[in-house]
Amino acid sequence: MPVPPQRRLIFAHVDEPGYTNDIGCYLRHGGYEVMKRAFARKPEELIDEVKKSGLRGRGGAGFPCGVKWTLVDRKSGKPIYLIVNADESEPGTFKDRYIIHQDPHQLIEGTMISCFANNVRQAYIYIRGEMPHGARILEKAIQEARDHHFVGKNILGTNYSCDIFVHRGAGAYICGEETGLIESLEGKRANPRIKPPYFPAVLGLYQCPTIVNNVETLCHVKHIADIGGEAYTKIGTPNNTGTRIFCVSGHVQRPGYYEFECGKITLGQLLNDVCGGPRPGRKFKAVIPGGSSAKVMRFGERYKGKRKVGAEMVDYDWGVEDVPMDFDSLAMIGTMGGSGGVIVMDDSVSMVEALANINAFYSHESCGQCTPCREGSLWMKKITTRMVHGTARAEDAALLKGVADQIPGRTICAFGEACSWPTQSFIAKFGDEFKDYHATRQSAKPEAALPLI
Amino acid sequence: MNLKPETLQRIDEVITHYPVKRSATLPLLHLVQEDAGWISPAAIEWIARKLELQPINVYEVVTFYPMFRQKPIGRRHVKVCRTLSCALTGGYRVCEQFQREFGCRTGEVSADGEVTIDFVECLASCGTGPVVMIDDDLHERVDAARVKALSDEIRTAAQRRPPAP
Ligand SMILES: Cc1cc2nc3c(=O)[nH]c(=O)nc-3n(C[C@H](O)[C@H](O)[C@H](O)COP(=O)(O)O)c2cc1C
Ligand code: SF4
């Protein structure tokens, strides 16, 4: 399979020389025309287009956007809110940053179309606190859009009104989780809510029906409204429609963001052809394909089984490099496409030290409500840090696994899974390295090795 | 509370963004911290009164979110990303070097009151690591030479600043 060219739909103008983030530039590039056409249609038709498109959420879970919108309680008589999740907090992910900074009006247009489709009268953009410039850019862009009657009262001269406000977070990862985000927007600690009953579609912001979508997802809505749901399914592969932005970081020659049709590029092509392969003199060792919570893949391992191609079941036997980069293939081999953050580690890296780094993150970010998550994430951090800086023992691998296995399924939110999957998968795939660490950690490290914890 | 008139005006405006006043807790904390540099006990009481809350409601928010601080920090805030992608490209070395440059450890204020260095979690710019935020500005691909240059810039800016009245 030859390496496909990038298909820049969402990032069409990112890094384009002369493209600026003001409304004048956006309008010169045909901005808000899609919204004008969309507002001439019935809201239900727009929801249907999104359903037909098969669009899956780009924030992490890959949940079908159209289905999410149909779950919204429209009979309660309460207002419906829409929240743009611009928390971009999953380590390894850095795509929404560029949309916000370089093409904010694309997000505003997609948001307004989504609001109109769902009869939303108030939207909030929840942006992570560490993007102060991004927040200011969005505020300025929203004001420009208000001045042009694209946002605010009587949009485009209709009797439909809807405003957008920007709300800044303050450095807590758990605000990316949608119910934690809602609590935070209500002015509280971002303690996630338990589902059921607190599905945002029914009992969300102020206990009203609420739609939470990722920045990139809402940008895709604009393109779906533009070309139609049916045409959108022609981009990408069945059940994995549209484009995906891969954020590649770590040990490749050319890290960065690359937008491809979903499922049309393999991991090997992405890392070797697009990103230039490993650094000189090094070999790839491991890759986390969908944000730091996704289960790690080990170079050299193989994935075998049967998969559906069209109507038939066919055998597959893939190496890491052969895996197509789409939601279903990555799920099939036991990991996930998640948020599109691809973190690459080469043979200079000790997997124990890399895991210690990840564990320090999760233990810092647990909101602390659930004992298995609060204590488990802390213990996993303490064990891996001790292995690196104190005494390592052969039995630490089993101990770590024992702690990790007790977390998932026993917590309020999916952070429980997110914090245990790294430990579970690192031990499953690099178990020997953990068992031998007490003996090997004193030996000379590769020259390129850097401290990770 | 001695807030600038502009801050007070922005506070009154932002409260109108929400149907429930309590939602303005984070925005008010940001505005007060930008104005005063940190969140004092008096600020907590003031915000609580403004939003018709109990001080504990504000206090528990301050202690939850890493960006709110209950102590003054240096005039410049250096935040080095600690998380995996940056660590894989040298984040820990960058953090150490900044500490050497200013002779203080993370979380402390340098002797001249100029900087506080923090080792923070993911700044969502993993493709250009190691990254560092100095106040509101992101610096990418920070190697040893960049740390030196950025530190020099901080020192030069400090010398140019007129002495406090
Ligand atoms: C621990 C945790 C962190 C998350 N962080 C983010 C995030 O930073 N950005 C995001 O869009 N979604 C994040 N999500 C997913 C959201 O909960 C939610 O599913 C998503 O915003 C829905 O939007 P989508 O359907 O458009 O993807 C996170 C989920 C969990 C469990
Ligand atoms: S799983 Fe962790 S982050 Fe989620 S609610 Fe429980 S303690 Fe908080």
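Domain bounds come from an automatic or database domain assignment. For chain A, this assignment gives domain 1 (23-234), domain 2 (237-346) and domain 3 (351-444). The model is predicted, with local features requiring pLDDT of at least 70 and side-chain atom pairs pLDDT 80 or more, while totals for chains, interfaces and linings use all residues. Residues are numbered from 1 along each chain as its sequence is written, chains are lettered from A in the order in which they are written, and side-chain values use heavy atoms, without hydrogens and water.

**Stop 1: domains 2 and 3 of chain A**

Select domain 2 and domain 3 of chain A, whose centres, taken over C-alpha atoms, are 24 Å apart. In contact (heavy atoms within 4.5 Å) are 13 residues of domain 2 of chain A and 13 residues of domain 3 of chain A. The buried area, i.e. the accessible area (1.4 Å probe) that two parts lose on being put together, summed over both, is about 1,100 Å² for this pair, with 65% given by carbon and sulfur atoms. Next, select A:Ser293, A:Lys295 and A:Val296, which supply 42% of the area that domain 2 of chain A buries against domain 3 of chain A, more than any other three residues.

Two salt bridges (a side-chain nitrogen of Lys or Arg within 4 Å of a carboxyl oxygen of Asp or Glu) cross the interface of these two domains. Display A:Glu301 and A:Lys429, which form a salt bridge with the closest N and O atoms 3.0 Å apart.

**Stop 2: chain A against chain B**

Now show both chains: 59 residues from chain A and 42 residues from chain B take part in the contact. Between chain A and chain B the buried area is about 4,100 Å², to which carbon and sulfur atoms contribute 60%. A:Arg168, A:Ala170 and A:Arg189 supply 15% of the area that chain A buries against chain B, more than any other three residues.

Which side chain meets that of A:Arg168 in a salt bridge? Select B:Glu34: its side chain and that of A:Arg168 meet at 3.2 Å, N to O. The interface of chain A and chain B has two salt bridges in total.
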